[in-house]
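Here are some notes for a colleague who is opening this model for the first time. Please keep the sequence and the 3D view at hand while going through the points.

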Amino acid sequence: MNKANKNYVLKLYVAGNTPNSVRALKRLKDILEQEFEGVYALKVIDVLKSPQLAEEDKILATPTLSKILPPPVRKIIGDLSDREKVLIGLDLLYEELSEDDFEE
């Protein structure tokens, strides 16, 4: 898969410095460094400090990861502990499967 032709824009919504927020940020950074090889922009938004941003983006729970680009917009709620679910949510694992597993 050629990931270099894509740029990922992500927002991670957290509520302060809670264990779930810290865990989600750490796991996300691990995934991004391994899978996205520097072709991403990540903005971490603390909904306690910027509740208007969460309201504008219709964030109802934290932590929530929102993939803005490439389309479509996707949201993943939770501490991002399920690596496969995160990759599917970011359309990364699906692309790998579609290229490798569906060729005739």
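**Notes on the sheet and the cores**

1. The model is a predicted one. Its four strands make up an open sheet, in the order 2-1-3-4, with mixed pairing. Strand 2 (40–46) and strand 4 (74–77) are the edge strands; each has a single partner strand, so one side of each is left without a neighbour in the sheet. From one strand to the next, the twist averages 20 degrees.

2. Strand 1 and strand 3 (residues 64–69) run antiparallel and are joined by five bridges.

3. In soluble globular proteins, nonpolar side chains tend to be buried together. Here the largest nonpolar core has 16 residues. Those with the most contacts inside this core are L12, L28, F36, L65, L80, V86 and L90. At least two core residues come from each of strand 1 (8–14), helix 1 (19–35) and helix 3 (83–89).

4. Which residues does L90 touch, not counting residues up to four places away in sequence? They are Y8, L10, F36, L65, K67 and I76.

5. Another core, of six residues, lies apart from the largest one. Y13, I45, V47 and I59 are among its residues.

Definitions and conventions:
Residues are numbered from 1 along each chain as its sequence is written. This is a predicted model: local features need pLDDT of at least 70, side-chain atom pairs count only at pLDDT 80 or more; totals for chains, interfaces and linings use all residues. Side-chain values use heavy atoms; hydrogens and water are left out. A nonpolar core is a set of buried Ala, Val, Leu, Ile, Met, Phe, Trp, Tyr and Cys residues joined through side-chain atoms within 4.5 Å. Buried means under 20% relative accessible area, exposed over 50%, partly exposed in between (1.4 Å probe, protein chains only). Contact means heavy atoms within 4.5 Å. Two strands pair if DSSP finds at least two bridges between them. Axes are lines fitted to C-alpha atoms, for helices over the stretch in contact, and angles run from 0 to 180 degrees between N-to-C directions.
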